[in-house]
Amino acid sequence: PCGECAESKKGLCRRHWAIHPREVIPFPLGPDADRSLPCTGRWELFDTEEPTQEALSLCASCPIRRWCIDTATANREWGIWGGTTSQERAGRRKGAA
């Protein structure tokens, strides 16, 4: 990780997120499917803990919403994943325990 990771509330910058060891939940679509997902190229909408209506509507129509929520919950990810915040996902983890 870099200095940006060390200063981040998230723990890792977006650059290093992909190489961070974490629980892997099999991606439900083909390897090139991420190019056609509603969030592709719009990461700034999800790199926050305050979801916008635009981010929520993109997540609501996404075919892998459940995968995003499960992955983010399992790995304690920060930001908006599947239309949920990290606080909402932390509540789900506590409820499941």
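This is a predicted model: local features need pLDDT of at least 70, side-chain atom pairs count only at pLDDT 80 or more; totals for chains, interfaces and linings use all residues.
Figure 1. Ser86 is found in helix H5, which covers residues 86–96. If we set aside its neighbours within four places in sequence, Ser86 is in contact with Glu49, Glu77, Trp78 and Gly79.

**Figure 2. The whole protein chain, for orientation.** Here is the setting for the other close-ups. The protein chain holds five helices and zero strands, giving the pattern α-α-α-α-α along the sequence. Of its 97 residues, 34% count as buried. The chain exposes about 6300 Å², and carbon and sulfur atoms supply 54% of that area. Among contacts with a separation of 6 or more, 44% join residues 24 or more positions apart. A word on confidence: the average pLDDT is 78, and 64% of the residues score at least 70. Among the elements of the chain, helix H3 (residues 53–60) has the highest mean pLDDT, 95, while helix H2 (residues 14–17) has the lowest, 55.

**Figure 3. Helix H4 and its buried residues.** Helix H4 runs over residues 65–75, and its buried residues are Trp67, Cys68, Ile69, Thr71, Ala72, Thr73 and Asn75. Take a look at Thr73: its relative accessibility is 15%, so Thr73 counts as buried. Leaving out neighbours within four places in sequence, Thr73 is in contact with Arg89 and Arg93. Just after H4, Arg76 takes a positive phi of about 50°.

**Figure 4. A salt bridge between Glu54 and Arg42.** The count of salt bridges comes to two, and this view shows the one that Glu54 forms with Arg42, with the closest N and O atoms 2.1 Å apart. Glu54 lies in helix H3 and Arg42 in the loop between H2 and H3, so the pair ties together parts that are 12 residues apart in sequence. Glu54 is partly exposed, with a relative accessible area of 37%. Arg42 is partly exposed too, with a relative accessible area of 29%.

Figure 5. The side chains of Asp70 and Arg66 meet in a salt bridge at 3.2 Å, N to O. Both residues lie in helix H4, four residues apart, which is about one turn of the helix. An α-helix has 3.6 residues a turn, so residues three or four places apart point the same way. Asp70 is partly exposed at a relative accessible area of 33%, and Arg66 is partly exposed at 49%.

Terms used. Residues are numbered from 1 along each chain as its sequence is written. Side-chain values use heavy atoms; hydrogens and water are left out. Helices (H or I, at least four residues) and strands (E, at least two) are DSSP runs, numbered from the N terminus. Contact means heavy atoms within 4.5 Å. pLDDT is the predictor's confidence in each residue, from 0 to 100. Buried means under 20% relative accessible area, exposed over 50%, partly exposed in between (1.4 Å probe, protein chains only). Accessible areas come from the Shrake-Rupley method with a 1.4 Å probe; for residues, only the protein chains shown count as cover. A salt bridge is a side-chain nitrogen of Lys or Arg within 4 Å of a carboxyl oxygen of Asp or Glu.
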